[in-house]
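Keep the sequence and the 3D view side by side.

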Amino acid sequence: MSNLTKRTFRPIDALMRQVLCGASVFSMMAAAGVAHAQESPEKDSDVAEVSDIIVTADKVGLLEKKPSSTVLGFDKPLLETSRSATLISDETISRYGIDSLDALAKISPGTFTGTYYGVAGALNIRGTLAENYFQGFKLVANNGSYNTPVAAASRIDIVRGPPSPIYGAGRVGGFLNIAPKSARDGGKYITSPTGSISATYGAYDRYQLVGELGLPLRLGDTDGGLYTYLEYDHGDQFYRGISPERFVGQMSLTLDMPGDWSYELDGMLYKSDGETQTVGWNRLTQDLIDNSTYITGQNTALTASPGAPYLTAIQTVQGGGINGAPYPALTYTNAAGFRGGGLGYQYNGTSLVTDGRFPLNSGVGTTQLSPRTVYISEADLSKTTAPTIYSGLTKTFENDDWLKLEGFFSHLSHKRFVSYGYPAWVRGGVAEARLTFRNKSSLFDDKLTIETIAGVGNRYMWGRHMQSFNSGVIALNRRDISVGATPTDSVCGPFDEGITDDSIPPNCLGWENDVHSKVNNYGAFITSDIELYDSLSLTIGGRFDNFKVNTRDTGIRSFVNPAPVRDSADKLTYTASLSYKTPFGIMPYVTYAKSAALIYNQAGDIAPNLVRNGGWILDSKLKEVGFKFQLLNGTLVGSFAYYSQTRPQLFGLPPVSVITAGKGQELEMRWLATSNLSFTFAGNLQKTRIKGPNSTIAFIPPSVLCGQTPECLISMAGGSLRTLLTLIPGREGDYTYTAIPRRVWSLYASYSTDDHDWGKAGVTWGVTYASKTSGSLPNAVVYPSYYVSNLSAFYKKDAWELSVNVNNLFDKLYFTPVADIYENQAALPSKGRIWRASVKYSF
């Protein structure tokens, strides 16, 4: 495509060119929509260059403005990159009303995210949990510690598949990379102070203040720029009892210095309070999902101390204990036993039975449950601090080769308590240094070009993960959420006022697991992009890594030896892609990759049992074939991909590395139909299977024992039912992971007017469809398929802009199962219709 002349084509020229060149069916479908395309650019801000064709009026930022190095490590246009990926600009984020990771499914296929206790910390890409990056460096894990901010990004890159060898060992499922806002756009610095101030007010008294300021810098022969972003957000959520408060601060300094040196410094600070986790609705029955009919009632056998707002750990079992043992003398059971939480459940050798000691015996009945009513308590807490710093120094040589030294630091401190009896204190960090050299050479009169990037790096991770769930006090069905939290369904934890990890209230939950981990990773890498006749491209790369791990669990009920466990491993990973750019705008490609990844928890900690059994670092594999297309003079762009992958995932209690196998197809299209109207489509079909047998411990609902009947739930609602998954019929071998829908697609349209004396306006409207999901056990509750619609609109005149966003426009009620071990016991109802309105002043 680089041999095309740079000019603006008329629509009929574009149409005829595609027909004569034998364009695909995609261009034929789109041809009718270009009849009103504009003949010349309106102004510079409405012009984007895609490859070597100039396209006008990209009013919502759908087309790539400049080549990206996120996917393969090379600065290549996405449409010439032999991997499935989506780049989302800040303009698209704004116009589509994207305010959380969950909303990225509007624009990117394969990114449906199940609820991780209501906190959108990480995407689910291709059926498995993905990793978060900042400027090409992997952040500390964030499964559900805090809501990853998206509004502070200049661009969000979603890569489906493993990271480039440059970025370190990673999982093949995919990752998300955040690029911060900068004073340099498209290689040019701003020339005068610029910025904006905005205020947002929304449903349930949510308000937000955002300030942005960019300043040009001129220090002698040094050109540069400074950009800052500040965000404060507070207010109630749709769910009653959850009222988070958060602050995001971001700074970017870029300098071009004498001698062809350049420097970049980026920093981000995230602080939040009140992003509490919730399982949503408990006491699951199909009638609850279909008709919102909730079984009420409480158990009076458990009693709290007079005046106490909670049960102590001993009072939750009242002498029952796990397998009949009292709380102070807990012991770990083997694979033939059953950990029942001491609430009346027993394993008789072939099945699970209950002695009925803890039924619902007060207030039993039914009621209609509001989706705003979820499992929450005033005692629940969530406090997070997460600073991140990136630094990069680059030397550019006369032939455009460069040498780059980068440093990265990220830390996470997160306290969490959920009143059903789950406290956690996560502290983790990463420090990384990377040295890279890039060389590009041409042979045979530029018919053959070879671009190579090679380097070395060191990544050091540390984490301390304190949590409690081994004692069996957790019982989701104990609480009647239509009544709310009471002393007899709440458990006291370690985070009372003035209490530290060394001073825990008597008989309250202590730190049953206290994992301390350190990992040192030295790596060397090389990757090359070999292009022949500007058409045939081979991208190959690999890296060698040495990993050393030191971990121990000193918790009071960790069930493992507290002595340190050490191990080391050498891993060789590689990736290869072959692509061909046809003269009519279609680029088929094929990719194969083998990657290695650490299997770590929420603090970057690695469980000692994983090190002992060799499951702390495992291989992933990817096979992918697809094609990119750029048709109708660059106004219709997109990609199709088919993939087959295997990758490990952390599952259950105690944490075990389980292998998942996924297959799927993905289609993404972006069409600038006219100078004012554009469309996007993102859709995928996927199927993920768990390679069995899965011997992890899971919480299971009473329906496994006696069916989905009110009598069954009433007799066992006090219980904490845990069992080995292999004891459940149908799960001894491989099984399908049904908590992620098989089919998801989104179709959106966006219309923006031209500039007028009265200003300009626009609207974006669309719908997302997700097929049915369910729990992972036989006879599990089924969550029906659904459509959800969203609407965004704006009006802009001079320096002022008014925008309105409405999520779930038609107030649709749907459900997503809770991730992790509770996916069969709880589900989160959807947020109803939520609106927000913003006023922005730019200067």
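This is a predicted model: local features need pLDDT of at least 70, side-chain atom pairs count only at pLDDT 80 or more; totals for chains, interfaces and linings use all residues.

Two strands count as paired if DSSP finds at least two bridges between them. One place to look is Asn546, which stands opposite Asp570 in E27.

E26 has another partner. Strand E25, residues 513–532, pairs with E26, residues 536–553, over 18 bridges. This pairing is antiparallel as well. Here Ile526 stands opposite Gly542 in E26.

Most residues other than glycine have a negative phi.

Asp445 is not a glycine, yet its phi is positive, at about 55°. Asp445 belongs to the loop between strand E23 (422–443) and strand E24 (448–467). Is Asp445 buried or exposed? Its relative accessible area is 71%. Exposed means over 50%, so Asp445 is exposed.

Now go to Asp811. This residue, again not a glycine, has a positive phi of about 55°. Its loop runs between strand E41 (800–807) and strand E42 (815–817). Asp811 has a relative accessibility of 42%. That value lies between the cut-offs of 20% and 50%, so Asp811 counts as partly exposed.

Next comes an open sheet. Five strands make it up, in the order E3-E8-E9-E6-E7, and their pairing is mixed. At the edges are strand E3 (84–89) and strand E7 (137–138), each of which pairs on one side only. Inside the order, look at E8 and E9. Strand E8 (residues 153–160) and strand E9 (residues 175–180) run antiparallel, joined by six bridges. Asp157 has Asn177 in E9 as its bridge partner.

Finally, step back to the whole protein. How many helices and strands are there? The protein has eight helices and 44 strands. It has 843 residues, of which 59% count as buried. Consider also the contacts between residues at least 6 apart in sequence: 69% of them join residues at least 24 apart. The protein exposes about 31900 Å². Carbon and sulfur atoms supply 57% of that area.

Definitions and conventions. Residues are numbered from 1 along each chain as its sequence is written. Side-chain values use heavy atoms; hydrogens and water are left out. Helices (H or I, at least four residues) and strands (E, at least two) are DSSP runs, numbered from the N terminus. Buried means under 20% relative accessible area, exposed over 50%, partly exposed in between (1.4 Å probe, protein chains only). Contact means heavy atoms within 4.5 Å. Accessible areas come from the Shrake-Rupley method with a 1.4 Å probe; for residues, only the protein chains shown count as cover.
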